[in-house]
There are 2 protein chains.
Amino acid sequence: MATKKKQATGKKNSGVVKVALLGFGTVGSSVAKVLAESKFPGIVLTHVYNRSVARKRESAAAKYVPVTAKWTENIDDVLKSDVDVVVELMGGLNPVEGWLKKALSAGKHVVTANKQLIAYRGVALQKIAAQHGVQLVYGAAVAGGVPVIPGILQGLSGDRVARLSGIVNGTCNYILSRMETGAEYATVLKDAQQLGYAEANPSADVDGYDARAKLCILSRIALHAELNPDEVATQTISTVEAIDFVYAKELNCTIRQVSRAQVDGTVVHARVAPMLIPLSSPMAWSHGTQNMVVTSGSYGGDVVFSGHGAGGEPTAVAVVSDLLAVAQGAKAVELPVRKRQVTGEFLAPHYLRFVVDDKPGIVSSIAGALAKVGANIDSLLQKPGFPKHRLPFVVTTEPCLTSVIEKAMGAISKLDCMLEKPLTLQILVPEDKSE
Amino acid sequence: MATKKKQATGKKNSGVVKVALLGFGTVGSSVAKVLAESKFPGIVLTHVYNRSVARKRESAAAKYVPVTAKWTENIDDVLKSDVDVVVELMGGLNPVEGWLKKALSAGKHVVTANKQLIAYRGVALQKIAAQHGVQLVYGAAVAGGVPVIPGILQGLSGDRVARLSGIVNGTCNYILSRMETGAEYATVLKDAQQLGYAEANPSADVDGYDARAKLCILSRIALHAELNPDEVATQTISTVEAIDFVYAKELNCTIRQVSRAQVDGTVVHARVAPMLIPLSSPMAWSHGTQNMVVTSGSYGGDVVFSGHGAGGEPTAVAVVSDLLAVAQGAKAVELPVRKRQVTGEFLAPHYLRFVVDDKPGIVSSIAGALAKVGANIDSLLQKPGFPKHRLPFVVTTEPCLTSVIEKAMGAISKLDCMLEKPLTLQILVPEDKSE
């Protein structure tokens, strides 16, 4: 037990915790900066691994790396060293997964910001960590500088969280909150790419794969449900148009990429999609690249976490906080996690937007298709000022199942008058228990 | 070291953690309920201390207490027992402080929701806990079910938090958010008292003493600054009138009881007062009894925590989460805290509301008094429709020091035409670093 304790605090070597950084990009260099400026006693950066070390050593941020640290392009220099903590900031599964397994097996703690790795391999890696009496911590994997993961793990372990929803992809939030002011998707995406908020290939962000990984991590810690990320339904934000924000506003809503999950017995309902959010809901507060997570507990009701989800320094705060925890032997509460089936089904009102070549009978056809599946129309919105030959209009439904709406929309999209594939968005309904 | 480890996990007796509840009121009975329903393995409620045990045992909530638990009116039954964790939910300094000192000294962990105790005696109690290798945790002392304390301790330890502001008193927030819709203070206070949100003597809430204790706790963990609660300036909300919300709205603001603190070298600026909050600020999101805390870090920017700050079950979530942490030996990061001088001075724009018997020269007198101290007028607002003999109007100033404004207002309040003491409110200016 004494040995385990010794390892658990991260201080094998006379009170000093030796730290290796894997990756010296935006976040890695910010971590070096925070460590250099804050000088937490007993934490020493001893290794920096990166490709093209020569180039990195000439970067402005290299001044934050102690002169005593070893820069290397050879991962074995880290894995075979006596470092106590490996901080992984490279992302992706390969080759990082293999490296971190080796690190954990060699008795090194791991701090990582790698959401894909933790979403797909977190449980397996945690087992290896436990076997070797070390910690695997990943507070930076979701919502960067917003302490959602430590807040849930430590502060909500006593609740039964049955639902959670979040805005966890800053790129999508930037794009959609810009579109709120009238801009079109393509324009804003281009701006986002120029500002460095979006990749040249934006698919991981706009199609929901980044958010899906984060949703799975949140489900694991808040709902104690282990989901297969590949089974979580996603819907791209790239089909949302400026006109949708006009109609959303009519409905006192805005549109955001929402990641939501809800426990229902042994099944978890989960979905990453652009959704209508009431302007009165906390979820509508997030602008720009901000992140927000709302958990709903049986006992504590809704809890909101919000802040800067991305960027070098906010993410470095999460990484360094994790590093301090490992260095001090601080640990979070652990509760059992169960593998759960996933479904994309939600019972919710829906927003349906059509662009048609207007002719008599269109509304009747749409209403008929909806009636056929038992979906009730709640409202029909048609803004004036659009040409009849390219008319956008909106139908909202009363709560009905996703699959039911999709069936009706499959039929409706085949109507001759449809000029584009209709857009189906779930409308988020706040459900916090009353005060 | 093995002994310390054994104590640190809270499990002295074959994997079972014995828990005593001090206080079986709203929060205490909710803790019993959560424990009974959630059945966390290894946690057993063995003692319930309260006055009038006979009455408590007949309450509906008594069914959540295991039949094996001992109910007692004698604190020694707890202090001299083999319980591992004492959960204190009684509040106040006396006699609780002495009891908890004894409990810690006897090697018992303490979980408490007692904000006054932690604000005034937290550092001293923490020392006793450390000396005896046990934990003192108080996640429920601020913002009930909102994991602000664990979120800051665990997730923001890597940042340098220089400022924080919060809405941490649900009673004041209920009163002021109701007044936002036109009601007068006295009416809303009465409602709050009937709903159980306010005490018969509401002073601790409305005059800011409750919030002040919480602000001191937040300053300790976020700013690493130890303040004397008695030195923190407070201002009552009871002098805010319905008309102030009308003028606040003109300024795109609302009014909330704000607790704020800001580090400036070795001095901490701290104040609990009703303040004008821009409607665009996260601080304006909190309605009803909700709580909100915003921390501002040098690296991570603004982080918002929000949710149900009070009530039995939300507070029980924090208590039970702390209990799980103690039971599992989970600990938070600890950083050094320093004693700091406090000042109530802030450099801020101010809102000044006057009620006058209108005569020529009043504005000139006010402007003169402000000019004399070097305070610049930013705007003058006068809503139509009020009688000249009882005219409320408002002056806002450019940023100036609290003491400077107070000096001018001292002179102004002596003017003959003043029908009531003028109201001075600080205007909160959002300062989050740009994205």
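Reader: OK, which strands does helix α13 of chain B lie across?

Author: Helix α13 (residues 312-328) of chain B lies across β1, β2, β4, β5 and β6 of that chain, and runs at about 165° to β5(B). Angles go from 0 to 180 degrees between N-to-C directions, with axes fitted to C-alpha atoms, for helices over the stretch in contact. Helices (H or I, at least four residues) and strands (E, at least two) are DSSP runs numbered from the N terminus. Keep in mind that this is a predicted model, where local features need pLDDT of at least 70 and side-chain atom pairs 80 or more, while totals for chains, interfaces and linings use all residues. Residues count from 1 along each chain as its sequence is written, chains are lettered from A in the order written, and side-chain values use heavy atoms, without hydrogens and water.

Reader: And what does α5 of chain B lie across?

Author: Helix α5 (residues 96-105) lies across β1, β2 (43-49), β4 and β5 (109-112) of chain B, at about 165° to β4(B).

Reader: What's the strand order in that sheet?

Author: β3-β2-β1-β4-β5-β6 in chain B, an open sheet with parallel pairing; two strands pair if DSSP finds at least two bridges between them. The edges are β3 (70-72) and β6 (136-137), each pairing on one side only.

Reader: How many bridges join β1 to β4 there?

Author: Four bridges join β1 (residues 17-22) to β4 (residues 85-88) of chain B. As for L21(B), its bridge partner in β4(B) is V87(B).

Reader: Switching topic: which residues touch the most others in the largest nonpolar core?

Author: V31(A), V87(A), L218(A), V87(B) and L218(B), out of 184 residues. Such a core is a set of buried Ala, Val, Leu, Ile, Met, Phe, Trp, Tyr and Cys residues joined through side-chain atoms within 4.5 Å.

Reader: Is T295(B) buried or exposed?

Author: T295(B) counts as buried because its relative accessibility is 1%; buried means under 20% relative accessible area, exposed over 50%, partly exposed in between (1.4 Å probe, protein chains only). T295(B) is in strand β12 (residues 290-297) of chain B. Beyond neighbours within four places in sequence, its contacts (heavy atoms within 4.5 Å) include I152(B), L156(B) and F305(B).

Reader: How many salt bridges cross the interface of chain B and chain A?

Author: Zero by the rule, which takes a side-chain nitrogen of Lys or Arg within 4 Å of a carboxyl oxygen of Asp or Glu. In terms of contacts, 54 residues of chain B meet 54 residues of chain A.
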